[in-house]
Amino acid sequence: MDIKFDQLSYQDDAVKAVVDLFNGQEIRANNFTVFGPELFGQIQTDVGVGNGFSISTSMLLNNTQKIQLDHSIQPVNELNKGFPQFNIDMETGTGKTFVYFKTILELNKKYGFTKFVILVPSVAILEGVKKTYDLTKSFFKSLYDGVVYKTFVYSSDRPNDVREFAASGDVEIMIINIDKFNRDDSKFKRPDEFLQGASPAELVQQTNPILIIDEPQSTDNTENAKASIRGLNPSVAFRYSATHRDKSYPLVYRLGPVEAYDQELVKQIVVSSIEADADGNEAYMRLISTDAKKQTAKLGVYKFKKGAAGEQAEITVKKGDNIALKTKLSVYDEYGDVQDIDFSRDDDPNTQAVHFTTHESLTMASQNIQDENAKRLQIRNTIRNHLSKELYLNPKGIKVLSLFFIDEVAKYRASQDEDAELGEYGRWFEEEYERLIAEDTYKNLRDRDVPVREVHNGYFSVDKTGAFKNSKVDKFGNNKATKDDESTFETIMKNKEGLLTFYDEEKGNTSNANKLRFIWSHSALKEGWDNPNVFQIATLVETKDTITKRQKIGRGLRIAVNQDGQRVPGFDVNTLTVMANESYKKFADDLQKEYEDDGVEFGKFEDIIFTKIERTVVAEDGTESTRRLTVDESTQLVNELVDAGYVSSNRKATSKLQEAVQRQTIELSDEFSDVKAEVLRIAEHNMGRVPVKRDMPIKDVPAKLDLIKDPNFLELWNHINKKTTYEIHFDEDQFVNLAVARLKQGSPISRVQYTTRMASIKQTDGGIVYDAEQGDGTRETVAKAEYDLSKFDILTYLQNETGLTRRIIARILNGAAERVTADFKINPVAYEEYVGDLLNELKETHIAENIVYKITDEEWDAELFKSEPLRGVVEGDTPNMVSVSDAKTPYEYVRYDSTIEKKFAEAANLDNNVKYFIKLPSWFKISTPTRNYNPDWAVLKEVNGEKVMHFVAETKGTTESELARPERVRIQYGREHFRALARDGVDVEYRVVTDESQLN
């Protein structure tokens, strides 16, 4: 099979983002150059040819900022010190290696650059880069008119490769593991007689290479590595990763996990959970981890739960703790107390153990019967899912692969001899496979008759005797590759096409790789290798799991290919199933935490997020054109969403925004009314976490058929269903006078201050240290003699911030001119912001206090309850509906958006004085000057057995005075609406309450 490569737009965008950085560099006229002074993109060196750059730093910065704006990335103000370096963020499985090879050739085609060095952090990734080169070579030669380019892996045994690299005028690409040269004594830095006394490093330095840093978080994560990289004398570096730790370098392209999923560029993830029921009738126990610093151990146990015998839980124990007391279950009496704890030694998790006074010790490898059953079930479910996917995907020409990770090779098989005795995992696999493949469901599978022993095999390191060995990992879970591991990587890479090809005797596809569908591996395959047709991943671990969830899914995220080597896009094909021995919620939470630990921010509404929105603008002559929102406009729109409650103060989506996206309606100011659809589209894309598909028990609850005949419903509904309109009585003089008075009181703005602290510095054998600070430090004001106030247009700023007219703002500022001038001079920018916030607060309060609502002839129609069912989640981890008496409310459930609302519904349901209550639907909206207001509840309550009270309630977790200003203002609008109803004789009260009992 030859894997085909498509021209994918997102990959071309990533290439273009890098190539466009050099706009302004002399462009190569054609593909042929002659040594001489007019070599575009090249310079002559003492030994051959190097890269020649003519672009200025300022032009490079301008290009960077433009590219960042084009990709909705916050522009940088300056480039990093030293040689320029740029981050390119590409999610695992989206083809970053392909992208940077294409980028290399595009840079050569356009600018003539010829010397490139690819730095990798490990043997596994190096082998992956080599494989990508082999697979793409013919594709790129056809795409770039037969361009000659050479790729080689640096080896100290072949110094002549480096000489040719430096001397050649063709495109030269050197791949090198950072470990080969980040030490001062490495052969890469030593003089070599075959290079006339020069070191390989010196020859590379002369070429001014362009660096491609693969996985920089692992490649240049030490000072030694960074120093060695600087020693290559690079002209520029491009850093490709899905998990950039160092974000000090300008980001020029971003394709994060959410974007990749949203565009269906990777597989969707399904988690299959296996959890033992906990009943507390037996002493289940598992060692999870130990902490030498705290002298504690974390155990998985059953723990007492009220209303049930027990539940699965994690407890932390120390020496002397009694397990029965910790779990509150007598079945743990047999363990007694914790006698001692052994912590991890030599980075080997197997050395961890907990010793008890009256029970055998617990280790990482200890297995309860529950553990063994869970692992066997993982294997069974993996096989079943695999075979079911073959039924669907084999007819589409797609071979299905499954991957098992284990941490003890002997559990699978002891040696590479296929006739060797299987370990327990291998035996379980074959038993489960033969049982499942015999079912009638799978009788028509194309590979049903392939012997079970030939459908599975392992890729493990092999020692000199031919025995399998466990790959070594350090305390961080990184591979500590040996020569034995290198052979493993090479083997799996060579078999990549074979693994994708169906077993077919007629076509001669009869190799072991063609028959293989189930792959077993130790930690070797956790990085540097992936396969587009991995559809199931299962991890069977007994000791500490050194493979992160992100590494696991990364092995199977790539889009599948068929027998013609062509990608087959779409989630209907591309689903990766993870067989987990934990809940999907925990898996999803842990996976997101890993992303966030790697610096990925999910769902953050950055100021620049809406700059991709295009809007139509009309010039004075009537002509129309389109332009993108500016950074200032995008920032203003984000702030508006924050003020309206769609986005929280930490710039994350709220439940209100989720509802708006679901209903495809959002309230925006007139200034942005033309871009509502695009705002909703971007919000939907941005507010989700890493999507993990799970069964959500969505329930549609219709309203009662005889709803409008229910006397209690009608009694309540007819008291609240009147609509109103409003008039704003804006008293300009009153508002101006109030604002002037507030400004005359002065502002809290102060001059910029600095703190100076003093400490004694000492030189010691251990280095330079300092004593504790002397005193609390001195705060000093560094006063500027006079700010150039002509640089600040406070009128325009306040007009944009408040929406008030320039005339009103000028009246206010002039009314308090003396104090305004004095305060403005202290700190102009801070003062502008302060006055803007103050005027907005005064304006909203003034409008709310002077608004007049009037009842209209329109009503909210009760038939709307029947037009759409109540929709929500009743069961699972995140329910949002609670069951209530169908005699008290229009539905048999009430949907809630907070714990406060849930408690209110439950209390109203149980309160005998409450005859009827309604969670007001989202279409029950009171018009306001800012955005429409949807109150929470309508309640019909009987007091003292006689008086009937009609309430509209807003439930809050705090008192009204403690609410944020926008909430207080909206509540004021609601209060005035219902006062208008009361003035018209409607018996209804509006209350803000923290619980249902306050309605009396």
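Predicted model: local features only at pLDDT ≥ 70, side-chain atom pairs only at ≥ 80, totals over all residues.

**Entry 1: charges over rings.** I started with Arg446: its charged end sits over the ring of Phe502, 4.1 Å from the ring centre. Next I looked up Lys919, which lies over the face of Trp937 at 5.8 Å from the ring centre.

**Entry 2: aromatic pairs.** How many aromatic pairs does the structure hold? I get 46. I picked out Tyr412 and Trp520, which are stacked, with 4.7 Å from centre to centre and 20 degrees between the planes. Stacked needs planes under 30 degrees apart, so the 20 degrees here qualifies.

Where do the two partners lie? Tyr412 is in the loop between strand E17 (401-406) and helix H12 (424-437), while Trp520 belongs to strand E21 (residues 518-521). The pair therefore ties together parts that are 108 residues apart in sequence. I also checked burial: Tyr412 is buried at a relative accessible area of 0%, and Trp520 is buried with a value of 0%.

**Entry 3: a cluster.** I then found one aromatic cluster formed by Phe713, Trp717, Trp860, Phe865, Tyr891, Tyr916, Trp923 and Phe924.

**Entry 4: helix H26.** Which residues of H26 (residues 817-826) are buried? I noted Val820, Asp823, Phe824 and Ile826. Looking down the axis of H26, I see its buried residues fall within an arc of 150 degrees, so they line one face of the helix.

Terms used: Residues numbered from 1 in each chain as written. Heavy atoms only, no water. Phe/Tyr/Trp six-rings, centres within 6.5 Å; stacked < 30°, edge-to-face > 60°. Helix = DSSP H or I, 4+ residues; strand = E, 2+ residues; numbered from the N terminus. Buried < 20%, exposed > 50% of the residue type's maximum accessible area, 1.4 Å probe, protein only. Lys NZ or Arg CZ within 6 Å of the ring centre and 35° of its normal. Arc of directions from axis to C-beta.
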